[in-house]
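Biologist: I'm new to this one. Could you show me how to read its pockets?

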Amino acid sequence: MQTFVKRSIRNIPKMATSAQQNFAKYLATDHHTASDLAPLNASKLQVTRTTKPKSKLPKEKLVFGQSFTDHMLTVEFDQGSGWGTPEIKPYGPLSLDPSACVFHYAFELFEGMKAYKDSQGKIRLFRPDMNMARFNKSAARICLPTVDGEELIKLISELLKLDQSFVPEGEGYSLYIRPTLIGTSSGLGVGAPDKALLYVICSPVGPYYPTGYKAISLEATDYATRAWPGGVGDKKLGANYAPCIKPQLSAAKNGHQQNLWLFGEEKYITEVGTMNVFFVFKNADTGKKELVTAPLDGTILEGVTRDSILKLARARLDPNEWEVNERYYTAHEVAEKAENSLLVEAFGSGTAAVVAPIKNIAFNGKDYDVPLVPGEQYGEMAKTVADWIAEIQYGKVDSEWSRVIY
């Protein structure tokens, strides 16, 4: 058994690719698809407005995910009939049976996306089609019903129009949108849910770094594994997050803000905290810089920000000076680069922060400093890609990635 495990770990890239290909065949089957089931239909939307509108917090007092808009969107699904009538109604508690499968077997997934108000007062979504595609991949993986992504975007847009006054103005401010899908079948038997609830709630948020970037320190973590080949690390399931809290608390006790998740005896770098992660290396022979992140092999979350950074970097960086690669790399490689002054910078990426600059990594009993711009709390590439993305999100530059909804 021990020999098998070691051999398996050495072949992680091959295993991950094979598992991803095999599972793609399984995902091609939607277990809830039938021609006679009602699809999600935005034209059937019913709206009940609140009679008790909330007072809005001043922008400077917004705390991520702690205050919510007046309304929420809900749609029920039944395996016998399909999607029910979409409803926008006052924000409030859900009523579920204590035996609902979401509570016992973690039939739950979510998305994280944002709405932005541009200088003309228009409300924009950033690449919502990417969120819808990932939403459906997550749903299919845990036998929950998929949706027509464009119909869900239409419904979210109607929710945003109704609660548009909650979208804060100013760069760095946005309305965080949380589409969620849960299995609601009652009973303690383990099986594919025959009932589900899709709901969307929204929370006005301020800049992730209200007083400027704050570079973070990481503890390289190999005693706990975030994801593995054939698992669900590439899906946005709530079940992926709870097990990561204890290692984060352990890292915090040692003076670090987050975990740098490693995998296998080779110490492959996968993600940081709940974000994708990028490193910038310098090639000692050619002098070229390399922007690198782990490949999508089924263990890495298919981040919208990650994809945006890669596409923008490949389109805008000078290929004579840069390489942009998705490849396997290890903590040992990072340590060696750092010791030879070939580590240029590193940062996490995700919807909430866009980028999270990294200043230090603790690995194998040593601390490795990650360079930052002198006198600043960020690296040059992290700041550059954050600016590129913000220009699109707030409509400062024209892009098909920015969708005006109102």
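This is a predicted model: local features need pLDDT of at least 70, side-chain atom pairs count only at pLDDT 80 or more; totals for chains, interfaces and linings use all residues.

Biologist: How do the residues of the lining of the largest pocket divide into nonpolar, polar and charged?

Modeller: The general idea comes first. Rolling a probe the size of a water molecule over the atoms shows where empty space is left. A pocket is an open set of points on a 1 Å grid over the protein atoms alone, where a 1.4 Å probe fits and protein lies on both sides within 12 Å along at least five of seven lines; lining residues have an atom within 4 Å of a point. Here, the lining divides into 17 nonpolar, 13 polar and four charged residues (Ala, Val, Leu, Ile, Met, Phe, Trp, Tyr, Cys and Pro count as nonpolar, Asp, Glu, Lys and Arg as charged, the others, Gly among them, as polar).

Biologist: Which residues lie nearest the centre of the largest pocket?

Modeller: Among its 34 lining residues, those are Tyr-208, Tyr-241, Thr-274, Met-275 and Ala-352.

Biologist: Where does the second largest pocket lie?

Modeller: Domain 1 (38-205) and domain 2 (216-401) both give residues to its lining, so the second largest pocket lies between them (the bounds come from an automatic or database domain assignment). Its lining has 20 residues, with Gly-172, Pro-207, Tyr-213, Ala-353 and Val-354 nearest the centre. By class, that's 12 nonpolar, five polar and three charged.

Biologist: And the largest pocket?

Modeller: Its lining draws at least three residues from each of domain 1 and domain 2.

Definitions and conventions:
Residues are numbered from 1 along each chain as its sequence is written. Side-chain values use heavy atoms; hydrogens and water are left out.
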